[in-house]
Structure formats: C-alpha cells, structure tokens
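Student: I am new to this structure and would like to learn how to read its features one at a time. Could you take me through them?

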Amino acid sequence: MKTTKITSKIAPPSASAAPSVTPAPHSPAPEANELLNDSAERLCAACGMCCNGVLFHGMAVQPEDQLRALLAKGIKTRRRDGELQFLQPCPAHVGNCCRIYKDRPQRCRAFDCRQLLAVSAGEITEAQAMIKIDEARKRSDRVRDLLALLGDERAHRPLATRCARVFTPPLDPSPQAETLREELQEAMRALQEMLAKDFRPSN
Ligand code: SF4
Ligand code: SF4
C-alpha cells in the first residue's frame, strides 16, 4: 500500500520541476516527497517499460482524458475488447521522456509500478529498484534481439504482440529458426515472470 504518491513517468528535462504532489493524509514531509520524486524521475528515466510496450499493450482511456487534445499531440487509440485504449508503445515516449508530460492521460498519472511503490513505502532503496530495472531491461533487450534474428523488426508494436506473431503459422521450419524460437520462448517467459513479480501492480 502506498504511503505517498510519487510523481513519475519521465518528464522531459525542461519540465522536471513541473510535477506536483498532493500529500496523502500520512505522507512524509514535503522535502521527503521531493526526494521520492527525484528517485522516481531517475528510475523512470532509466526504465520506460510502462510506456514502451514492454509492460502493456494499451491503457484504457478515462472520462477525464482530453481525448481530442491528446490525439492532436500524436497519441493513438484503438478499441480492444470493447474498451477504447491508448496504444503502446506510446508515441509520446521519446528518448525515455514523456513529451506530453503535463497533459499525459489519467492512467499515466495514476500508475506506479511495484518498484516505485516499494521505494515510496521505504521498503527498498532507489539503488535496489535500479538493479531490478536494469535486469528487466536486459531481459527485454534479449527478447528484442531474438525477435530481430527471427526477422521481426516491428519496434512500434508491443513486445508480447510481436512474440505472438513470431509463433503464428506458417513457421520457418529451419533448425536455426526453431532454435531461435525456443530461445525466444524462454527469454519471454523470464521477462514476463519478472514483470509480474516486480513491476505489475497486484490488482
Ligand atoms: S515501470 Fe515503473 S520505473 Fe519503469 S517507467 Fe514505469 S513507473 Fe517508472
Ligand atoms: S503519455 Fe505516453 S510517454 Fe507519457 S507517461 Fe503516458 S504512456 Fe508514458
């Protein structure tokens, strides 16, 4: 359970002072919040996985979202399973920064991954969270490398979608492709296991 909301998601350098924090009833002193926000900023700048299609393939549009304005800024939507969603990888995620930080969708404002929540709650240090992020990034890079070796270069699609496509028949029957698919399956399993345990919220 969070003790304070930490503002995250990679504001571009020019907007780094913009995030505001609404202290929760039992939140730490303002200077503690500032330190947490600094931590979140560094962690998110090193990560980006909730924006780049690694953690999510989309996020639900909320009634508070200024949809027309967001579409005008290049954000894309799609209806999936009866729900209108912002697509990921997010077009606003550029150079590991959110280029529409002040106007980002509601879900982006509300989301903190497990690493941010744990830092916020004082359960782990920023350095420990950074180690997890580093490992998760290595695992997602490994998946991308294998996808590229299997001929999939669709960087604009969510990672899980790309993997599913590689396993959709007709499959390349060569022994080399078969070996690569086995390695990809294992790499994706290792990545998803870590995302579920260390990044996705429990509910
Ligand atoms: S997954 Fe967590 S650390 Fe990574 S960018 Fe998203 S909120 Fe930040
Ligand atoms: S708008 Fe895009 S880049 Fe910005 S926080 Fe949301 S998902 Fe990330």
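Tutor: Let us begin with a place where two helices meet: Ser 140, Val 143 and Leu 147 in H5 are in contact with Leu 159, Arg 162, Cys 163 and Val 166 in H6. Please keep in mind throughout that this is a predicted model.

Student: What classes of residue make up the contact of H5 with H6?

Tutor: Sorted by class, the contact of H5 with H6 holds five nonpolar residues, one polar and one charged. As for the geometry, the axes of H5 and H6, the latter covering residues 159-166, come within 11 Å and cross at roughly 35°, and H5 passes H6 in a left-handed crossing.

Student: At what angle do the axes of H5 and H7 cross?

Tutor: The axes of H5 (residues 126-149) and H7 (residues 175-198) cross at roughly 155° and come within 9 Å. Angles over 145 degrees count as roughly antiparallel, and therefore H5 is described as roughly antiparallel to H7. On the H5 side the contact includes Lys 132, Glu 135 and Leu 149, while on the H7 side Leu 180, Glu 183 and Asp 198 are among the residues that take part. By class, the residues of this contact of H5 with H7 divide into 13 nonpolar, one polar and six charged, and the crossing of H5 with H7 is left-handed.

Student: How many helices and strands does the protein chain have?

Tutor: The secondary structure of the protein chain comes to seven helices and five strands, and read along the sequence they follow the pattern α-β-α-β-β-β-β-α-α-α-α-α. Burial gives another view, and of the 203 residues of the protein chain, 31% count as buried.

Student: Which residues are the closest to ligand 1?

Tutor: A ligand can be read through the shell of residues that surround it. For ligand 1 there are 14 such residues, and the closest are Cys 44, Cys 47, Met 49, Cys 50 and Cys 113. The elements that give two or more residues to this shell are helix H1 (30-46) and helix H4 (114-120). By class, the shell around ligand 1 has ten nonpolar, three polar and one charged residues.

Student: And which residues are the closest to ligand 2?

Tutor: Ligand 2 is surrounded by ten residues, and the closest are Cys 51, Cys 90, His 93, Cys 98 and Cys 108. The shell around ligand 2 divides by class into seven nonpolar, one polar and two charged residues.

Student: Is Cys 108 buried or exposed?

Tutor: A count of neighbours settles such a matter, with 20 or more other C-beta atoms within 10 Å as the cut-off for a buried residue. Cys 108 counts as buried because it has 21 C-beta neighbours inside 10 Å. Cys 108 is found in helix H3 (residues 106-110), and although Cys 108 and Cys 51 are 57 residues apart along the chain, their C-alpha atoms are separated by 8.7 Å.

Student: Where does Arg 80 lie, and what does it touch?

Tutor: Arg 80 has its place in strand S2, and, leaving aside residues up to four places away in sequence, it touches Gly 58 and Gln 85. Arg 80 and Gly 58 are 22 residues apart in sequence, while their C-alpha atoms are 8.9 Å apart in space. Arg 80 has 12 other C-beta atoms within 10 Å, so it is exposed.

Student: What should I look for in the backbone itself?

Tutor: The general idea is that most residues other than glycine have a negative phi, and most peptide bonds are trans. Asp 81, in the loop between strand S2 (77-80) and S3, has a positive phi near 50°, and it is exposed, with 6 other C-beta atoms within 10 Å. Asn 96, in the loop between S4 and strand S5 (97-98), has a positive phi of about 60° although it is not a glycine, and with 14 C-beta neighbours inside 10 Å it counts as partly exposed.

Student: Which residues does a cis peptide bond join?

Tutor: One cis peptide bond joins Gln 88 and Pro 89, with omega about -5°, and Pro 89 lies in the loop between strand S3 (83-87) and strand S4 (93-94). The peptide bond from Pro 169 to Pro 170 is also cis, with omega near 0°, and Pro 170 is in the loop between H6 and H7.

Conventions
Residues numbered from 1 in each chain as written. Chains lettered and ligands numbered in written order. Predicted model: local features only at pLDDT ≥ 70, side-chain atom pairs only at ≥ 80, totals over all residues. Axes fitted to C-alpha atoms, helices over the stretch in contact; angles between N-to-C directions. Helix = DSSP H or I, 4+ residues; strand = E, 2+ residues; numbered from the N terminus. Parallel < 35°, antiparallel > 145°, perpendicular 65-115°, else oblique. Left-handed = near helix turned anticlockwise from the far one by under 90°. Contact = placed C-beta atoms within 7 Å. Nonpolar A, V, L, I, M, F, W, Y, C, P; charged D, E, K, R; others polar. Near = placed C-beta within 6 Å.
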